[in-house]
Amino acid sequence: MAAAEKVMSRKGLRASTVAEIARVAGINDSVIYHYFRNKRDLLFSLEGAHMAEVIRRVNEQLAGIPEALSRLSKMVWFHLHYNESNLDYVILLLFECRSNIKFYQHPAYELIQRYAGIMLDILRDGVASGAFRDDLDLRLVRDLILGALDWFSIKRITREDTGAVVGQMQRLMSFIRPMIQARPQPAGQGPDKHARILAAAERAFSEKGFAAATIAEIARLAGVAEGTIYEYFTNKQDLLMSI
């Protein structure tokens with residue numbers, strides 16, 4: 001598998017040969033077929049071996065971290081760190097496996113689903129504990145984070161981003177954190193009016209535009225007094241930014 005990773009990450013699946021992989025591995029061609037059905041099975045299996053290691057190690061990293069946001073940050077850091085240390089594996093996963101329909105029928109893909117499930121469980125724990133918003137599409141958030149991690153990996157492969165892993169993690173979390181963290185309600189104020197005002201403002205701004213919409217109209221749509229809006233928001237711009 002190590003020889004296949006080395007050869008295929010440079011030549012791709014199609015251009016690589018079993019003979020060359022055997023030569024790099026220091027074995028006869030026929031020995032490969034004792035372990036793998038064909039060249040494609042070899043590629044998928046080596047990716048599966050990496051994913052099994054990733055799952056084992058990420059679970060170790062997350063052990064003992066109770067708070068959801070810290071666990072999410074740690075998983076993001078580990079993902080970036082592992083990929084930086086194993087770029088050949090990342091190249092094959094992004095550019096060879098995912099573009100091959102057969103990959104999604106291989107056991108290696110089940111491991112990828114398990115890995116994605118770890119992140120989804122973290123997001124669910126955050127919602128259950130009140131740390132994350134409860135109106136999120138958690139699978140969409142999960143896929144957004146994983147997609148961003150792929151983007152960082154591609155930037156690393158193309159050498160467009162050679163910054164430290166910690167810096168990459170901080171950049172991504174500064175983007176994700178405001179989206180997912182629960183928004184505290186003003187002291188002494190219930191969530192109903194706050195939510196109604198936001199919904200009314202969204203409707204007014206989308207129909208009339210920010211400049212033409214008025215606080216009075218938003219208050220009317222929300223069923224609250226105009227002055228109530230200023231108990232929650234500084235001004236109309238604050239309303240827009242809060243949406």
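Arg159 is exposed, with a relative accessible area of 70% (exposed means over 50%, buried under 20% and partly exposed in between, using a 1.4 Å probe on protein chains only). Arg159 sits in the loop between helix 8 and helix 9 (165-180), helices being DSSP runs of H or I with at least four residues, numbered from the N terminus. Its phi is near 60°, a positive value in a residue other than glycine.

This is a predicted model, in which local features need pLDDT of at least 70 and side-chain atom pairs count only at pLDDT 80 or more, while totals for chains, interfaces and linings use all residues. Residues are numbered from 1 along each chain as its sequence is written, and side-chain values use heavy atoms, with hydrogens and water left out.

Phe44, a residue of helix 4 (residues 39-62), is buried, at a relative accessible area of 2%. Beyond its neighbours within four places in sequence, Phe44 is in contact (heavy atoms within 4.5 Å) with Cys97, Asn100, Lys102, Phe103, His106 and Ala108. Leu93 lies 49 residues from Phe44 along the chain, with 8.7 Å between their C-alpha atoms.

Searching the whole structure turns up one cavity of 30 Å³ or more; a cavity is a set of points on a 1 Å grid over the protein atoms alone where a 1.4 Å probe fits but cannot get out, and lining residues have an atom within 4 Å of a point. The largest cavity has a volume of about 50 Å³, volume being the space filled by probe spheres set on the points, which are joined across faces, edges and corners. Its lining is made up of Leu80, Asn83, Glu84, Leu87, Phe152, Ser153, Arg156 and Gln168. Helix 5 (68-85) and helix 8 (138-157) are the elements that give two or more residues to this lining.

Key: On a 1 Å grid over the protein atoms alone, a cavity is a set of points where a 1.4 Å probe fits but cannot get out, and a pocket is an open set with protein on both sides within 12 Å along at least five of seven lines; lining residues have an atom within 4 Å of a point.
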